[in-house]
Amino acid sequence: KKEVYNKKITFSGGEPLIQIAGLIELVKMLDNFNIAVYTGHELCDVSQELLECINYIKTGSFKEELKTTVKPFVGSTNQEFRRLR
């Protein structure tokens with residue numbers, strides 16, 4: 001068995017919250033992974049159960065008219081990237 005040193009994973013589009021039950025089940029199996037989820041939903045619409053299992057979340061839908069290349073980890077200025085834990 002080889003040890004894995006880079007234990008990072010990102011779930012992104014389509015839209016990962018469409019299959020929320022499966023996503024929660026999967027992230028709970030990824031113990032000791034650094035997990036980010038990119039969603040077009042707002043933070044208030046994301047399951048608290050999921051938020052307790054992940055490290056980072058990007059929220060908000062992409063808006064072409066607000067496109068940015070300088071705000072880290074997002075595509076438009078209305079989106080937010082948050083560290084949860």
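Modeller: A salt bridge is a side-chain nitrogen of Lys or Arg within 4 Å of a carboxyl oxygen of Asp or Glu. Keep that in mind as we look around this structure, which is a predicted model.

Biologist: How many salt bridges does a search of the whole structure find?

Modeller: The search finds two. In one of them, the side chains of Lys71 and Glu80 meet, with 3.3 Å from N to O. That distance is within the 4 Å cut-off, so the pair counts. Lys71 is partly exposed, at 26% relative accessibility, and Glu80 is also listed as partly exposed, at 34%.

Biologist: Which residue forms a salt bridge with Glu49?

Modeller: Lys28 does, and the closest N and O atoms are 2.6 Å apart. Look at where the partners sit: Lys28 belongs to helix α1 and Glu49 to helix α2, so this pair links distant parts of the chain, 21 residues apart. Lys28 has 47% relative accessibility and counts as partly exposed. Glu49 is partly exposed too, with a relative accessible area of 38%.

Biologist: Let's turn to the core. Which residues have the most contacts inside the largest nonpolar core?

Modeller: They are Phe11, Leu23, Val27, Ile35, Val46, Leu50 and Ile54, in a core of 14 residues. Three elements each supply at least two residues of this core: α1 (20–29), β2 (34–38) and α2 (48–51). The element that gives the most is α1, with three residues.

Biologist: Is Thr59 buried or exposed?

Modeller: Thr59 is buried, because its relative accessibility is 2% and buried means under 20%. You will find Thr59 in strand β3, residues 56–59. Its side chain makes a polar contact of 2.7 Å with the side chain of Arg82. Beyond residues up to four places away in sequence, the residues that Thr59 touches include Thr39, His41, Leu43 and Gln79.

Biologist: Now the aromatic rings. How many aromatic pairs does the count come to?

Modeller: The count comes to three. Take Tyr38 and Phe81: the ring centres are 5.9 Å apart and the planes stand at 55 degrees, so this pair is tilted. Tyr38 lies in strand β2 and Phe81 in strand β4, so the pair ties together parts that are 43 residues apart in sequence. Tyr38 is partly exposed, with a relative accessible area of 23%, and Phe81 is partly exposed as well, at 25%.

Biologist: Which kind of aromatic pair do Tyr56 and Phe81 form?

Modeller: That one is stacked, with 5.6 Å from centre to centre and 15 degrees between the planes. Tyr56 is in strand β3 and Phe81 in strand β4, so these rings link parts of the chain that are 25 residues apart. Ring pairs join Tyr38, Tyr56, Phe73 and Phe81 into a cluster.

Biologist: What should I know about backbone angles?

Modeller: Most residues other than glycine have a negative phi, and most peptide bonds are trans. Now for the cases here. Phe73, from the ring cluster, has a positive phi of about 70 degrees although it is not a glycine. Phe73 is in the loop between β3 and β4 (80–83), and it is exposed, with a relative accessible area of 54%.

Biologist: Where does Asn32 lie?

Modeller: In the loop between α1 and β2. Asn32 has a positive phi too, near 70 degrees, and counts as exposed at 60% relative accessibility.

Biologist: Which residues does a cis peptide bond join?

Modeller: Gly13 and Gly14, with omega about -15 degrees. Gly14 is found in the loop between β1 (8–11) and α1.

Biologist: Last topic: cysteines. How many disulfides does the count come to?

Modeller: A disulfide is a covalent bond between the sulfur atoms of two cysteines. Here the count comes to zero. Cys44 is in no disulfide, and the nearest cysteine sulfur, in Cys53, is 19 Å away. That is too far for a bond.

Technical notes: Residues numbered from 1 in each chain as written. Predicted model: local features only at pLDDT ≥ 70, side-chain atom pairs only at ≥ 80, totals over all residues. Heavy atoms only, no water. Core = buried A, V, L, I, M, F, W, Y, C linked by side-chain atoms within 4.5 Å. Buried < 20%, exposed > 50% of the residue type's maximum accessible area, 1.4 Å probe, protein only. Helix = DSSP H or I, 4+ residues; strand = E, 2+ residues; numbered from the N terminus. Polar contact = N/O pair within 3.5 Å; in protein donor to acceptor, adjacent residues only side chain to side chain. Contact = heavy atoms within 4.5 Å. Disulfide = S-S within 2.5 Å. Phe/Tyr/Trp six-rings, centres within 6.5 Å; stacked < 30°, edge-to-face > 60°.
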